[in-house]
Amino acid sequence: TTFPPGKRPPIMEGIPFVGGLIKFARGPWKLLEEGYGTCGEVFTVPVAHKRVTFLIGPEVSPHFFKAGDEEMSQSEVYDFNVPTFGKGVVFDVDQKIRTEQFRMFTEALTKNRLKAYVPAFNREAEEFFSKWGDEGIVDFKDVFSQLVTLTAARTLLGREVREQLFEQVADLLHGLDEGMVPLSVFFPYAPIPVHFKRDRCRKQLSEIFAKIIRNRRDSGRREEDVLQQFIDAKYQNVLGGRALTEEEITGLLIAVLFAGQHTSSITTAWSGLFMAANKKHWDKAVDEQRAIIAKYGSDLSFEALSDMEVLHRNISEALRIHPPLLLVMRYAKKPFAVTTSTGKSYVVPKGDVVAASPNFSHMLPQCFKDPQAYDPDRFAPPREEQNKPYAFIGFGAGRHACIGQNFAYLQIKSIWSVLLRNFEFELLDPVPAADYESMVIGPKACRVKYTRRKL
Ligand code: HEM
């Protein structure tokens, strides 16, 4: 390479070959805390047979988010998903095909498509909460996990799954979930029981979806869901412009579910926990619902949901304090230079795994004033702290920013609109800590009391 040689970032000491892996497998949070504490914004951790270089904060992360796939590549670091998503999709295919598959995701989630999913969001939320009594005690994490699974079934997987096969498919997807443990990131084929179960579940999902897809194709029946979008999609510049196979469609559906389901349900839970714990912000969100009802009527249309700025900011702030994805990662195909905010320069060598952490970036006081405080108004003009480039990265940023962001906001707003209009909440425990040991980071248990009322 013609790249000027330079000093590589500091390597965290005291982590032996296997030790790094054990720490990582127990959840990478502690490891990050240690590294950032001793080395600052850029540091390298040897983890098993790999070197992971962390880039913490907006000064050192632009290259990570902006560079093309020929420099900062995804497939080498995310290919642990291949046994879950399946062959022939996303991280199992070359860049050109992956780009086209990501285009298909994007086209399934355009504004017009989202408008078609909104009635399903509302219907699922209304049905779900109509089953609650006048008062009761719930745990938001469980509640929203159930509701978002139902909504995902209807809007992504389709009517057949939602109405006829829900229990069976939910069980199989749960098996895939359980097969994704921190160890799987480095050894996705390790012969452990949860991986064997994952493979059995994946195979059964293929069989179920193949039948559904064949049925739709044969009958010509169409539905308003992401499954239909994938059935209709065609490659443009690769693979002779053919349609997706049944196996590819199944894989893309699973990939979208893995990207969107736990992330959304966890953010729904944090949003509610923080609003319920901060009366001032709860009251403002309730007032906004009254104003929206006065303006649009009681119907939760796409336009009404889009107009809910107060609720939007509460969701953003929950996501800032607790982004569900602790790490986003790439593989350095070429060396690159970074300079820290204190003027130290390093060269990250080719072959490093490179990682940015939304959780750490969001807690930097140079990005967010008083970062520990719950303060949704930081997102409002004139402060708009989220506009500092690469500061607010809960949905990633740049070239591979989240494709489902608008879908997620609309779904979470639909759920919280229904709740703000029909219930009061009281936390029976303090706002819980995050469970950093899981793959997608959510709240630990917290009992919440609900009481029905009507706006
Ligand atoms: C990418 C977070 C909801 C689909 C990402 C990334 C993050 C993220 C951090 C970037 C990953 C990276 O840079 O490597 C979230 C959060 C969500 C959410 C916090 C909810 C609150 C959704 C939903 C969908 C979705 C609902 C689909 C319906 C995707 C896809 C990508 C992605 C397809 C890959 C984009 C790419 O690599 O080019 N998301 N996501 N996400 N997300 Fe989301």
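A: Of the 13 residues of helix α17, 12 are buried, so this helix is largely enclosed by the rest of the structure; a residue counts as buried if 20 or more other C-beta atoms lie within 10 Å of its own, as exposed if 12 or fewer do, and as partly exposed in between, with C-beta atoms placed from the backbone. This is a predicted model, in which local features need pLDDT of at least 70 and side-chain atom pairs count only at pLDDT 80 or more, while totals for chains, interfaces and linings use all residues. Residues are numbered from 1 along each chain as its sequence is written. The mean pLDDT of the protein chain is 94, and 96% of its residues reach 70 or more, pLDDT being the predictor's confidence in each residue, from 0 to 100.

Helix α17 covers residues 309–321 and reaches 18 Å from its first C-alpha to its last, close to the 18 Å expected at 1.5 Å a residue; the expected span is 1.5 Å times one less than the number of residues. Helices (H or I, at least four residues) and strands (E, at least two) are DSSP runs, numbered from the N terminus.

The buried residues of α17 include the charged Arg-313, Glu-317 and Arg-320, and among the others are Val-310, Leu-311, His-312 and Ile-321. In this grouping Ala, Val, Leu, Ile, Met, Phe, Trp, Tyr, Cys and Pro count as nonpolar, Asp, Glu, Lys and Arg as charged, and the others, Gly among them, as polar. What covers the buried residues of α17 includes α14, α15 (279–296) and α19, where two residues are in contact if their C-beta atoms, placed from the backbone, lie within 7 Å.

Helix α14 gives the most, with six residues. Of the 22 residues around the ligand, Gly-260, Thr-263, Gly-396, Cys-402 and Gly-404 come nearest, a residue being near a molecule or strand if its C-beta atom, placed from the backbone, lies within 6 Å of it. By class, the shell holds 14 nonpolar and eight polar residues, and no charged ones.
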